[in-house]
Amino acid sequence: PIILILNFLKENKTITPKTKTVLKLQAQHQCQHISSSGRCGETQYLEVDHIKARSLGGSNHPSNLRIYCREHNQKAGMNLLGGHKLAQHKPGPNII
């Protein structure tokens, strides 16, 4: 049922509180990172992560967003953008 809600959310220049709430519910209030040992499951320090980074043409559409804990969000950014670019990036208001 929650997946259906995502279809009705619009893409915005910012991630709205409504979108954050829906994403968090869909993620069951846990980090969605999955490794070989299973799902992270962290329930604190959750952030909205872009699957395809905005700087690489990704959007704020709910289909391009997921919930990651701070640690996994940072690791994903480091892997994608590298430490130098990530250090220049100012964190947005995506902590939920």
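With which side chain does the side chain of arginine 66 make a polar contact at 2.6 Å? The partner is the side chain of aspartate 49, a polar contact being a pair of N or O atoms within 3.5 Å in which, within protein, one must be able to donate a hydrogen and the other to accept it, and residues adjacent in sequence count only if both atoms are side-chain atoms. This is a predicted model, in which local features need pLDDT of at least 70 and side-chain atom pairs count only at pLDDT 80 or more, while totals for chains, interfaces and linings use all residues. Residues are numbered from 1 along each chain as its sequence is written, and side-chain values use heavy atoms, with hydrogens and water left out.

**Overall layout**
- The protein has 3 helices and 4 strands, which are DSSP runs (helices H or I, at least four residues; strands E, at least two) numbered from the N terminus.
- From the N terminus on, these elements follow the order α-α-β-β-β-β-α.

**Arginine 66**
- Arginine 66 lies in strand β4, and a further polar contact, of 3.3 Å, joins its side chain to that of tyrosine 68.
- Because its relative accessibility is 21%, arginine 66 counts as partly exposed, the class between buried (under 20% relative accessible area) and exposed (over 50%), with a 1.4 Å probe and protein chains only.
- Histidine 50 is 16 residues from arginine 66 in sequence, and their C-alpha atoms are 6.5 Å apart in space.

**Burial**
- Of the 96 residues of the protein, 30% count as buried.
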